[in-house]
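Hi,

Here is the structure I promised to pass on. Have a look at it first, and then read my notes below.

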Amino acid sequence: TQTRTYKATDACGNSSFCTQTFTWTVDLTKPVFSNPPASVDIDCTVPVPPVANPTATDNCAGTPVIVLTGSTDNPSNCQNGFQRIITRTWTATDACGNTQTYTQTIRVKCCAPICTLTQGGYGQYGGTICLPNGNTVSQHVIMGTALDSEDGDSVVFGKKSNNRYWVISLSDVNQAENSNILKMLPGGGGSFVLGLDNYPGAPKYSNGASWPVVPLQVGGSKAGTIKNTLLAQTITFYFNTKIQGSGLGSLILNGDSVVISDRVCGTNDPIPGTRDTVSIISSTVAAYLVGHGYTSNAAGLLKLANDALGGVDVSPLDLSTIAGALDRINNVFDNCVLFEGYVPLVQGRATGPAVRVIPDNQLTVTAFPNPYEEQNFSLKINAPVSGPATIEFFTIDGTKISEVKRTMIAHRDETVSFRVPGLQKAKIVYLVRIGSYNSKGIVLNPN
(Lines give C-alpha, C1' and ligand atoms only; values in the text may rest on other atoms or scores of the structure.)
Protein backbone atom coordinates (compact mmCIF):
# COMPACT_ATOMS: atom_id res chain seq x y z
CA THR A 1 0.00 0.00 0.00
CA GLN A 2 0.94 3.66 -0.34
CA THR A 3 -0.63 6.62 1.51
CA ARG A 4 -0.40 10.27 0.51
CA THR A 5 -1.33 13.05 2.96
CA TYR A 6 -2.30 16.49 1.65
CA LYS A 7 -2.36 19.70 3.76
CA ALA A 8 -4.33 22.74 2.72
CA THR A 9 -3.57 26.11 4.45
CA ASP A 10 -5.46 29.37 3.90
CA ALA A 11 -4.16 32.97 4.23
CA CYS A 12 -5.06 33.09 7.90
CA GLY A 13 -3.06 29.98 8.71
CA ASN A 14 -6.01 27.60 9.04
CA SER A 15 -5.09 24.08 7.93
CA SER A 16 -6.93 20.95 6.90
CA PHE A 17 -5.65 17.50 6.06
CA CYS A 18 -6.81 14.62 3.85
CA THR A 19 -5.23 11.29 2.98
CA GLN A 20 -5.30 9.17 -0.12
CA THR A 21 -4.41 5.46 0.08
CA PHE A 22 -3.38 3.31 -2.88
CA THR A 23 -3.61 -0.46 -2.55
CA TRP A 24 -2.07 -2.96 -5.01
CA THR A 25 -2.63 -6.67 -5.31
CA VAL A 26 0.68 -8.07 -6.50
CA ASP A 27 0.24 -10.48 -9.49
CA LEU A 28 2.44 -13.52 -8.94
CA THR A 29 0.24 -15.89 -10.95
CA LYS A 30 1.70 -17.29 -14.18
CA PRO A 31 -0.30 -17.37 -17.39
CA VAL A 32 -1.98 -20.67 -18.31
CA PHE A 33 -1.68 -22.26 -21.76
CA SER A 34 -5.18 -23.06 -22.96
CA ASN A 35 -4.56 -25.22 -26.05
CA PRO A 36 -0.95 -26.39 -26.15
CA PRO A 37 -0.02 -28.92 -28.88
CA ALA A 38 0.29 -32.42 -27.48
CA SER A 39 3.56 -34.33 -27.45
CA VAL A 40 3.32 -37.20 -29.94
CA ASP A 41 5.16 -40.26 -31.24
CA ILE A 42 4.71 -40.55 -35.01
CA ASP A 43 5.54 -43.26 -37.55
CA CYS A 44 8.77 -42.78 -39.43
CA THR A 45 7.24 -41.48 -42.67
CA VAL A 46 4.41 -39.38 -41.24
CA PRO A 47 5.06 -35.64 -41.83
CA VAL A 48 6.23 -33.79 -38.74
CA PRO A 49 3.37 -31.58 -37.47
CA PRO A 50 3.82 -27.90 -38.36
CA VAL A 51 4.64 -25.39 -35.64
CA ALA A 52 1.46 -24.65 -33.66
CA ASN A 53 0.14 -21.30 -32.43
CA PRO A 54 -0.91 -21.91 -28.82
CA THR A 55 -2.86 -19.39 -26.77
CA ALA A 56 -2.83 -18.57 -23.04
CA THR A 57 -5.03 -16.90 -20.46
CA ASP A 58 -4.16 -14.85 -17.37
CA ASN A 59 -5.85 -14.02 -14.08
CA CYS A 60 -5.38 -10.27 -14.68
CA ALA A 61 -6.66 -8.15 -17.53
CA GLY A 62 -4.95 -8.46 -20.87
CA THR A 63 -3.78 -11.27 -23.12
CA PRO A 64 -0.38 -12.83 -22.49
CA VAL A 65 2.24 -12.53 -25.22
CA ILE A 66 3.43 -15.93 -26.54
CA VAL A 67 6.80 -16.44 -28.22
CA LEU A 68 8.46 -19.59 -29.59
CA THR A 69 11.61 -19.47 -27.49
CA GLY A 70 13.23 -22.82 -28.34
CA SER A 71 13.25 -25.38 -31.12
CA THR A 72 15.52 -28.41 -31.58
CA ASP A 73 15.56 -31.19 -34.17
CA ASN A 74 18.10 -33.86 -33.31
CA PRO A 75 18.83 -37.35 -34.63
CA SER A 76 18.35 -40.12 -32.08
CA ASN A 77 19.63 -43.64 -31.58
CA CYS A 78 17.23 -46.19 -33.04
CA GLN A 79 18.10 -48.52 -30.18
CA ASN A 80 15.61 -46.48 -28.15
CA GLY A 81 13.01 -46.80 -30.90
CA PHE A 82 13.25 -43.28 -32.33
CA GLN A 83 15.31 -41.90 -35.17
CA ARG A 84 14.56 -38.22 -34.53
CA ILE A 85 13.41 -36.13 -31.57
CA ILE A 86 11.99 -32.62 -32.04
CA THR A 87 11.26 -30.21 -29.20
CA ARG A 88 9.45 -26.87 -29.38
CA THR A 89 9.18 -24.51 -26.42
CA TRP A 90 6.84 -21.55 -26.08
CA THR A 91 6.94 -18.84 -23.37
CA ALA A 92 3.84 -16.89 -22.35
CA THR A 93 4.36 -13.54 -20.54
CA ASP A 94 1.63 -11.50 -18.87
CA ALA A 95 1.52 -7.73 -18.29
CA CYS A 96 3.24 -8.07 -14.92
CA GLY A 97 6.16 -10.07 -16.32
CA ASN A 98 5.06 -13.47 -15.03
CA THR A 99 6.08 -16.24 -17.44
CA GLN A 100 5.04 -19.78 -18.16
CA THR A 101 6.72 -22.22 -20.56
CA TYR A 102 5.43 -25.25 -22.42
CA THR A 103 7.45 -27.80 -24.38
CA GLN A 104 6.10 -30.11 -27.06
CA THR A 105 8.15 -33.23 -27.85
CA ILE A 106 7.72 -35.00 -31.19
CA ARG A 107 9.46 -38.36 -31.47
CA VAL A 108 9.78 -39.95 -34.92
CA LYS A 109 9.80 -43.73 -34.76
CA CYS A 110 12.41 -45.78 -36.57
CA CYS A 111 11.42 -47.70 -39.65
CA ALA A 112 11.72 -51.34 -38.57
CA PRO A 113 12.80 -54.04 -41.01
CA ILE A 114 10.56 -57.11 -41.10
CA CYS A 115 12.15 -60.06 -42.85
CA THR A 116 10.62 -63.19 -44.29
CA LEU A 117 11.35 -65.68 -47.04
CA THR A 118 8.85 -67.66 -49.07
CA GLN A 119 8.65 -71.43 -49.38
CA GLY A 120 10.70 -71.14 -52.55
CA GLY A 121 13.38 -69.23 -50.68
CA TYR A 122 13.87 -72.01 -48.16
CA GLY A 123 13.42 -74.71 -50.79
CA GLN A 124 16.42 -73.81 -52.93
CA TYR A 125 20.09 -74.01 -52.09
CA GLY A 126 22.41 -71.02 -52.34
CA GLY A 127 19.93 -68.18 -51.84
CA THR A 128 20.75 -65.31 -49.49
CA ILE A 129 19.00 -62.56 -47.56
CA CYS A 130 20.22 -59.21 -46.23
CA LEU A 131 19.53 -59.12 -42.50
CA PRO A 132 18.48 -55.89 -40.72
CA ASN A 133 22.05 -55.39 -39.50
CA GLY A 134 23.33 -55.37 -43.10
CA ASN A 135 24.90 -58.83 -43.00
CA THR A 136 24.03 -61.15 -45.87
CA VAL A 137 23.47 -64.79 -44.94
CA SER A 138 22.14 -67.86 -46.71
CA GLN A 139 18.73 -69.34 -46.02
CA HIS A 140 20.44 -72.50 -44.80
CA VAL A 141 22.23 -70.51 -42.11
CA ILE A 142 18.86 -69.14 -40.93
CA MET A 143 17.35 -72.63 -40.75
CA GLY A 144 20.40 -74.20 -39.13
CA THR A 145 20.65 -71.44 -36.53
CA ALA A 146 16.94 -71.77 -35.73
CA LEU A 147 17.06 -75.52 -35.19
CA ASP A 148 20.36 -75.37 -33.32
CA SER A 149 18.65 -73.11 -30.77
CA GLU A 150 15.86 -75.62 -30.10
CA ASP A 151 15.95 -78.34 -27.46
CA GLY A 152 17.18 -81.49 -29.17
CA ASP A 153 18.06 -79.51 -32.31
CA SER A 154 14.56 -80.11 -33.63
CA VAL A 155 11.14 -78.47 -33.79
CA VAL A 156 7.69 -80.07 -33.58
CA PHE A 157 4.81 -79.14 -35.88
CA GLY A 158 1.28 -80.09 -34.91
CA LYS A 159 0.50 -81.36 -31.37
CA LYS A 160 2.31 -84.16 -29.60
CA SER A 161 -0.51 -84.46 -27.07
CA ASN A 162 -2.88 -85.41 -29.92
CA ASN A 163 -0.35 -87.80 -31.47
CA ARG A 164 -0.59 -85.72 -34.66
CA TYR A 165 2.76 -84.10 -35.17
CA TRP A 166 5.80 -83.98 -37.35
CA VAL A 167 9.42 -83.12 -36.60
CA ILE A 168 12.13 -81.27 -38.50
CA SER A 169 15.61 -81.80 -37.13
CA LEU A 170 18.96 -80.17 -37.74
CA SER A 171 19.94 -83.12 -39.91
CA ASP A 172 17.16 -82.17 -42.35
CA VAL A 173 18.84 -78.84 -43.19
CA ASN A 174 22.58 -79.29 -42.66
CA GLN A 175 23.43 -81.41 -45.69
CA ALA A 176 23.94 -78.45 -48.04
CA GLU A 177 22.36 -79.09 -51.45
CA ASN A 178 21.38 -82.61 -50.34
CA SER A 179 19.30 -81.42 -47.37
CA ASN A 180 15.84 -82.91 -46.94
CA ILE A 181 14.35 -79.41 -46.63
CA LEU A 182 15.06 -78.86 -50.33
CA LYS A 183 12.94 -81.93 -51.11
CA MET A 184 10.12 -80.75 -48.84
CA LEU A 185 9.62 -77.18 -50.07
CA PRO A 186 7.84 -75.56 -51.73
CA GLY A 187 4.80 -77.65 -50.84
CA GLY A 188 1.34 -77.56 -52.32
CA GLY A 189 -2.02 -79.27 -52.53
CA GLY A 190 -4.76 -78.89 -49.96
CA SER A 191 -4.50 -78.19 -46.24
CA PHE A 192 -4.96 -81.14 -43.90
CA VAL A 193 -4.72 -82.22 -40.27
CA LEU A 194 -1.63 -84.40 -39.75
CA GLY A 195 -2.32 -88.11 -39.57
CA LEU A 196 -1.99 -90.20 -36.43
CA ASP A 197 1.50 -91.61 -35.78
CA ASN A 198 2.76 -89.42 -38.63
CA TYR A 199 6.15 -88.65 -37.14
CA PRO A 200 9.66 -90.11 -37.14
CA GLY A 201 10.08 -92.96 -34.73
CA ALA A 202 6.44 -94.03 -34.91
CA PRO A 203 5.98 -97.83 -34.93
CA LYS A 204 5.28 -98.02 -38.66
CA TYR A 205 8.43 -96.05 -39.54
CA SER A 206 11.83 -97.52 -38.87
CA ASN A 207 14.24 -95.06 -40.47
CA GLY A 208 13.65 -92.16 -38.07
CA ALA A 209 14.03 -89.55 -40.86
CA SER A 210 11.29 -86.96 -40.84
CA TRP A 211 11.01 -86.14 -44.53
CA PRO A 212 9.76 -89.46 -45.96
CA VAL A 213 6.89 -89.86 -43.48
CA VAL A 214 4.66 -86.98 -44.62
CA PRO A 215 2.25 -87.03 -47.58
CA LEU A 216 4.27 -86.10 -50.65
CA GLN A 217 3.47 -84.96 -54.17
CA VAL A 218 3.73 -87.74 -56.71
CA GLY A 219 4.84 -86.98 -60.25
CA GLY A 220 5.18 -83.67 -62.05
CA SER A 221 7.52 -80.79 -61.29
CA LYS A 222 6.72 -80.91 -57.55
CA ALA A 223 7.29 -84.62 -57.08
CA GLY A 224 8.60 -85.34 -53.59
CA THR A 225 7.49 -82.07 -51.99
CA ILE A 226 5.08 -81.79 -49.07
CA LYS A 227 1.48 -82.39 -50.12
CA ASN A 228 -0.03 -80.21 -47.39
CA THR A 229 -0.06 -76.46 -47.94
CA LEU A 230 -0.80 -75.65 -44.30
CA LEU A 231 2.19 -77.72 -43.13
CA ALA A 232 4.50 -76.20 -45.77
CA GLN A 233 3.46 -72.63 -44.92
CA THR A 234 3.74 -73.30 -41.18
CA ILE A 235 7.30 -74.61 -41.60
CA THR A 236 8.17 -71.52 -43.65
CA PHE A 237 6.54 -69.19 -41.11
CA TYR A 238 8.41 -70.83 -38.23
CA PHE A 239 11.77 -70.19 -39.88
CA ASN A 240 10.72 -66.61 -40.60
CA THR A 241 10.03 -66.00 -36.90
CA LYS A 242 13.65 -66.99 -36.24
CA ILE A 243 15.35 -64.50 -38.61
CA GLN A 244 17.80 -62.49 -36.53
CA GLY A 245 16.85 -58.83 -36.04
CA SER A 246 13.52 -59.07 -37.83
CA GLY A 247 10.56 -57.19 -36.40
CA LEU A 248 8.10 -59.92 -37.38
CA GLY A 249 7.61 -60.96 -33.77
CA SER A 250 6.38 -57.51 -32.72
CA LEU A 251 3.97 -57.07 -35.65
CA ILE A 252 0.40 -56.65 -34.37
CA LEU A 253 -2.09 -58.85 -36.21
CA ASN A 254 -5.40 -57.13 -35.49
CA GLY A 255 -6.72 -56.73 -39.04
CA ASP A 256 -5.11 -53.35 -39.68
CA SER A 257 -3.22 -52.86 -42.91
CA VAL A 258 0.45 -51.90 -42.75
CA VAL A 259 2.57 -49.36 -44.58
CA ILE A 260 5.76 -50.86 -46.02
CA SER A 261 8.62 -49.75 -48.25
CA ASP A 262 11.57 -51.41 -49.91
CA ARG A 263 14.97 -50.76 -48.35
CA VAL A 264 18.60 -50.69 -49.32
CA CYS A 265 20.59 -53.45 -47.62
CA GLY A 266 22.27 -52.10 -44.51
CA THR A 267 19.98 -49.07 -44.05
CA ASN A 268 16.63 -48.32 -42.48
CA ASP A 269 15.76 -45.66 -45.05
CA PRO A 270 12.79 -46.37 -47.36
CA ILE A 271 13.45 -46.30 -51.10
CA PRO A 272 11.28 -43.49 -52.52
CA GLY A 273 8.42 -44.58 -54.71
CA THR A 274 8.14 -48.05 -53.16
CA ARG A 275 5.67 -47.31 -50.36
CA ASP A 276 2.54 -49.46 -50.28
CA THR A 277 -0.38 -49.99 -47.93
CA VAL A 278 -0.96 -53.71 -47.65
CA SER A 279 -3.46 -55.99 -45.93
CA ILE A 280 -1.55 -58.72 -44.09
CA ILE A 281 -4.25 -60.70 -42.31
CA SER A 282 -8.00 -60.98 -42.73
CA SER A 283 -10.30 -59.58 -40.08
CA THR A 284 -11.72 -63.12 -39.69
CA VAL A 285 -8.38 -64.59 -38.60
CA ALA A 286 -7.56 -61.53 -36.48
CA ALA A 287 -10.88 -61.84 -34.62
CA TYR A 288 -10.34 -65.58 -34.09
CA LEU A 289 -6.94 -64.97 -32.49
CA VAL A 290 -8.44 -62.56 -29.96
CA GLY A 291 -11.63 -64.52 -29.35
CA HIS A 292 -9.91 -67.86 -28.70
CA GLY A 293 -7.05 -66.86 -26.42
CA TYR A 294 -4.24 -66.54 -28.97
CA THR A 295 -1.93 -63.53 -28.94
CA SER A 296 -2.37 -61.13 -31.88
CA ASN A 297 1.15 -61.57 -33.17
CA ALA A 298 3.36 -64.03 -35.03
CA ALA A 299 3.63 -66.35 -32.01
CA GLY A 300 -0.15 -66.53 -31.74
CA LEU A 301 -0.61 -67.24 -35.44
CA LEU A 302 2.08 -69.95 -35.36
CA LYS A 303 0.39 -71.60 -32.39
CA LEU A 304 -2.97 -71.49 -34.18
CA ALA A 305 -1.43 -73.14 -37.26
CA ASN A 306 0.17 -75.89 -35.16
CA ASP A 307 -3.08 -76.48 -33.28
CA ALA A 308 -4.92 -76.83 -36.59
CA LEU A 309 -2.31 -79.30 -37.89
CA GLY A 310 -2.58 -81.20 -34.63
CA GLY A 311 -6.32 -81.76 -34.90
CA VAL A 312 -7.62 -79.00 -32.60
CA ASP A 313 -11.08 -77.81 -33.64
CA VAL A 314 -10.59 -74.31 -35.08
CA SER A 315 -14.08 -73.87 -36.51
CA PRO A 316 -15.48 -71.69 -37.97
CA LEU A 317 -12.05 -71.19 -39.56
CA ASP A 318 -11.02 -73.65 -42.23
CA LEU A 319 -7.45 -74.84 -42.66
CA SER A 320 -7.00 -73.13 -46.02
CA THR A 321 -7.83 -69.76 -44.42
CA ILE A 322 -5.06 -70.25 -41.85
CA ALA A 323 -2.65 -71.36 -44.58
CA GLY A 324 -3.60 -68.25 -46.55
CA ALA A 325 -2.80 -65.98 -43.59
CA LEU A 326 0.64 -67.57 -43.23
CA ASP A 327 1.25 -67.35 -46.97
CA ARG A 328 0.30 -63.66 -47.03
CA ILE A 329 2.78 -62.70 -44.33
CA ASN A 330 5.51 -64.97 -45.76
CA ASN A 331 5.17 -63.12 -49.06
CA VAL A 332 4.49 -59.50 -48.03
CA PHE A 333 7.78 -59.12 -46.14
CA ASP A 334 9.85 -61.31 -48.47
CA ASN A 335 13.58 -60.47 -48.39
CA CYS A 336 13.20 -57.72 -45.75
CA VAL A 337 11.06 -54.63 -46.18
CA LEU A 338 10.64 -51.61 -43.93
CA PHE A 339 7.57 -51.50 -41.71
CA GLU A 340 6.48 -47.87 -41.39
CA GLY A 341 3.21 -48.03 -39.48
CA TYR A 342 -0.38 -49.20 -39.38
CA VAL A 343 -3.49 -48.07 -41.24
CA PRO A 344 -6.53 -48.80 -39.04
CA LEU A 345 -9.06 -51.26 -40.41
CA VAL A 346 -12.07 -49.61 -42.00
CA GLN A 347 -15.27 -51.52 -41.26
CA GLY A 348 -16.36 -53.51 -44.28
CA ARG A 349 -13.19 -52.96 -46.29
CA ALA A 350 -12.27 -56.03 -48.27
CA THR A 351 -8.76 -57.36 -47.97
CA GLY A 352 -6.99 -57.57 -51.28
CA PRO A 353 -4.01 -56.47 -53.35
CA ALA A 354 -1.70 -53.72 -52.24
CA VAL A 355 -2.95 -50.20 -52.95
CA ARG A 356 -0.51 -47.32 -53.21
CA VAL A 357 -1.47 -44.45 -50.93
CA ILE A 358 -0.14 -40.88 -51.13
CA PRO A 359 -1.68 -38.70 -48.39
CA ASP A 360 -2.61 -35.12 -49.28
CA ASN A 361 -0.45 -33.72 -46.47
CA GLN A 362 2.75 -35.55 -47.39
CA LEU A 363 5.78 -34.44 -49.37
CA THR A 364 6.38 -37.23 -51.88
CA VAL A 365 9.59 -37.60 -53.86
CA THR A 366 10.31 -40.31 -56.42
CA ALA A 367 13.73 -40.84 -58.03
CA PHE A 368 13.89 -42.27 -61.54
CA PRO A 369 15.56 -44.20 -62.92
CA ASN A 370 16.72 -45.87 -59.74
CA PRO A 371 19.48 -47.10 -60.09
CA TYR A 372 20.52 -44.10 -62.18
CA GLU A 373 21.74 -44.51 -65.74
CA GLU A 374 24.70 -42.83 -67.42
CA GLN A 375 25.14 -40.60 -64.36
CA ASN A 376 21.67 -39.06 -64.78
CA PHE A 377 18.46 -39.26 -62.79
CA SER A 378 15.49 -37.04 -61.93
CA LEU A 379 13.34 -36.38 -58.86
CA LYS A 380 9.57 -36.09 -59.24
CA ILE A 381 8.41 -33.90 -56.34
CA ASN A 382 4.83 -33.35 -55.17
CA ALA A 383 4.58 -30.94 -52.25
CA PRO A 384 1.60 -30.42 -49.92
CA VAL A 385 2.25 -26.65 -49.79
CA SER A 386 3.43 -23.97 -52.19
CA GLY A 387 6.69 -22.12 -51.63
CA PRO A 388 10.46 -22.24 -52.09
CA ALA A 389 12.03 -25.68 -51.86
CA THR A 390 15.65 -26.69 -51.30
CA ILE A 391 16.94 -29.88 -52.94
CA GLU A 392 20.33 -31.11 -51.72
CA PHE A 393 22.44 -34.00 -52.98
CA PHE A 394 25.04 -35.87 -50.88
CA THR A 395 27.36 -38.83 -51.14
CA ILE A 396 26.45 -41.79 -48.95
CA ASP A 397 29.02 -40.64 -46.36
CA GLY A 398 27.33 -37.23 -46.04
CA THR A 399 29.51 -35.05 -48.29
CA LYS A 400 27.35 -32.42 -49.98
CA ILE A 401 27.61 -32.45 -53.78
CA SER A 402 25.06 -29.91 -54.97
CA GLU A 403 22.07 -27.78 -53.99
CA VAL A 404 19.11 -26.63 -56.10
CA LYS A 405 16.46 -24.02 -55.28
CA ARG A 406 13.02 -24.40 -56.84
CA THR A 407 9.61 -22.83 -56.24
CA MET A 408 6.91 -25.46 -55.82
CA ILE A 409 3.18 -25.31 -56.41
CA ALA A 410 1.11 -27.41 -54.00
CA HIS A 411 -0.15 -30.78 -55.28
CA ARG A 412 1.58 -30.44 -58.64
CA ASP A 413 4.35 -32.72 -59.89
CA GLU A 414 7.64 -30.90 -60.43
CA THR A 415 10.71 -32.56 -61.94
CA VAL A 416 14.30 -31.77 -60.94
CA SER A 417 17.07 -33.39 -62.99
CA PHE A 418 20.54 -34.14 -61.66
CA ARG A 419 23.76 -35.32 -63.23
CA VAL A 420 26.11 -37.24 -60.97
CA PRO A 421 29.59 -35.67 -61.11
CA GLY A 422 32.06 -37.57 -63.28
CA LEU A 423 34.11 -38.87 -60.38
CA GLN A 424 31.08 -40.11 -58.46
CA LYS A 425 30.03 -43.72 -59.04
CA ALA A 426 28.35 -44.43 -55.72
CA LYS A 427 24.89 -44.12 -54.20
CA ILE A 428 23.47 -40.59 -54.04
CA VAL A 429 21.40 -39.32 -51.11
CA TYR A 430 18.89 -36.53 -51.73
CA LEU A 431 17.11 -34.29 -49.22
CA VAL A 432 14.11 -32.16 -50.24
CA ARG A 433 12.77 -29.49 -47.89
CA ILE A 434 9.81 -27.15 -48.23
CA GLY A 435 8.29 -25.34 -45.27
CA SER A 436 8.11 -27.77 -42.35
CA TYR A 437 8.15 -30.81 -44.66
CA ASN A 438 11.15 -32.84 -45.72
CA SER A 439 11.82 -36.07 -47.57
CA LYS A 440 15.03 -37.98 -48.14
CA GLY A 441 16.02 -41.04 -50.10
CA ILE A 442 18.78 -42.95 -51.85
CA VAL A 443 19.41 -43.31 -55.56
CA LEU A 444 21.39 -46.46 -56.29
CA ASN A 445 24.45 -46.52 -58.49
CA PRO A 446 24.38 -48.70 -61.63
CA ASN A 447 25.66 -52.25 -61.30
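Let me start with helix 6, which is largely enclosed by the rest of the structure, because 10 of its 12 residues are buried. Keep in mind that this is a predicted model.

The buried ones in helix 6 are Ala298, Gly300, Leu301, Leu302, Leu304, Ala305, Asn306, Asp307, Ala308 and Leu309. What covers them? The cover includes strand 12 (154-159) and strand 13 (164-169), along with helix 4 (229-241), helix 5 (283-291) and helix 7 (319-332). Helix 6 itself runs over residues 298-309 and reaches 17 Å from its first C-alpha to its last, close to the expected 16 Å.

Both ends of this helix have something to look at. At its start, a side-chain oxygen of asparagine 297 comes to within 3.3 Å of the backbone nitrogen of alanine 299. Just after helix 6, glycine 311 has a positive phi of about 90°.

Most peptide bonds are trans, and most residues other than glycine have a negative phi. Against that, the bond from leucine 185 to proline 186 is cis, with omega near -5°; proline 186 sits in the loop between helix 3 (180-184) and helix 4. The bond from phenylalanine 368 to proline 369 is cis too, with omega near -15°, and proline 369 lies in strand 17 (residues 364-373).

As for phi, alanine 176 has a positive value of about 50°, in the loop between strand 13 and helix 3. Glutamate 374 also has a positive phi, near 50°, and is found in the loop between strand 17 and strand 18 (376-382). Alanine 176 is partly exposed at 26% relative accessible area, while glutamate 374 counts as exposed at 70%.

Cheers

Methods: Residues numbered from 1 in each chain as written. Predicted model: local features only at pLDDT ≥ 70, side-chain atom pairs only at ≥ 80, totals over all residues. Heavy atoms only, no water. Helix = DSSP H or I, 4+ residues; strand = E, 2+ residues; numbered from the N terminus. Expected span 1.5 Å × (residues − 1). Buried < 20%, exposed > 50% of the residue type's maximum accessible area, 1.4 Å probe, protein only. Contact = heavy atoms within 4.5 Å. Polar contact = N/O pair within 3.5 Å; in protein donor to acceptor, adjacent residues only side chain to side chain.
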